[in-house]
Amino acid sequence: MKLSTLVILLFFTVTGFAQEKALSTDDRGKLIYYEVVNLKDVPSDSLKSRVVAFLKKTPKTLKLKSADTDSLMYIIGKLIINKTALVLSRPSGEVLYNFYVEIKEGKYRFWMTDFNFISYQRDRYGNFVPSTTVGIPLETKPGKLNSAEWAGYVKATTKEVNVLAERFKEAMMKKVIAPALVAPSAVGPHQKW
């Protein structure tokens with residue numbers, strides 16, 4: 001191995017450009033992205049407000065479904081998978097998934113699982129719309145004809161999930177500033193209100 005190749009390999013490994021974190025499988029056989037993050041000296045209510053602030057910034061792709069307890073939040077997510085040919089790009093489908101966040105004092109954990117792919121088709125107006133409402137789990141094994149395309153969907157999903165996880169961790173590091181209370185103006189009998 002040449003020295004220049006070794007230096008480039010070392011550069012990509014150190015800077016994090018080598019590979020994204022691959023999706024693993026859980027005990028149910030489903031693909032999952034799981035991570036635990038420690039943030040010492042951060043109270044749980046502050047972490048919860050950071051999650052809510054992150055969800056407000058991404059209203060189209062992530063929707064809070066329920067917060068059953070004080071510590072667990074259940075979020076529905078959607079990723080759009082694009083197909084690129086030369087210069088043109090078009091959506092080929094979407095991946096629906098479940099996003100869970102559990103908060104404790106000084107730490108939180110989050111995981112994304114139950115990835116289901118729904119292919120797109122053109123409607124009569126030329127728009128790309130879902131071809132069905134039932135998704136195909138990403139962990140299913142495709143046939144021989146579709147294996148390369150399915151591998152592309154899994155790879156694109158892995159890339160998008162890693163980007164989302166990094167954005168989420170960055171948002172959880174930032175402090176949320178509560179809106180300042182505005183003092184009421186002095187309204188007297190001579191002023192309109």
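**Aromatic pairs and a helix contact**

Modeller: Tyr108 is buried, at a relative accessible area of 1% (buried means under 20%, with a 1.4 Å probe and protein chains only). The model is predicted, with local features needing pLDDT of at least 70, side-chain atom pairs counting only at pLDDT 80 or more, and totals for chains, interfaces and linings using all residues. Residues are numbered from 1 along each chain as its sequence is written, and side-chain values use heavy atoms, leaving out hydrogens and water.

Biologist: How is the pair of Tyr108 and Phe168 classed?

Modeller: Rings of Phe, Tyr and Trp (its six-membered ring) pair if their centres lie within 6.5 Å, and planes over 60 degrees apart count as edge-to-face. The centres of Tyr108 and Phe168 are 5.9 Å apart and the planes stand at 85 degrees, so the pair is edge-to-face.

Biologist: Which parts of the chain does this pair link?

Modeller: Strands (E, at least two residues) and helices (H or I, at least four) are DSSP runs numbered from the N terminus. The partners are 60 residues apart, and the parts linked are strand β6, with Tyr108, and helix α3, with Phe168.

Biologist: Is Phe168 buried or exposed?

Modeller: The relative accessible area of Phe168 is 1%. By the cut-off of under 20%, Phe168 is therefore buried.

Biologist: Which residues form the aromatic cluster?

Modeller: The ring-pair rule gives a count of 14 aromatic pairs. One cluster is formed by Tyr33, Phe54, Phe99, Tyr108, Phe110 and Phe168.

Methods: Phe/Tyr/Trp six-rings, centres within 6.5 Å; stacked < 30°, edge-to-face > 60°. Buried < 20%, exposed > 50% of the residue type's maximum accessible area, 1.4 Å probe, protein only.
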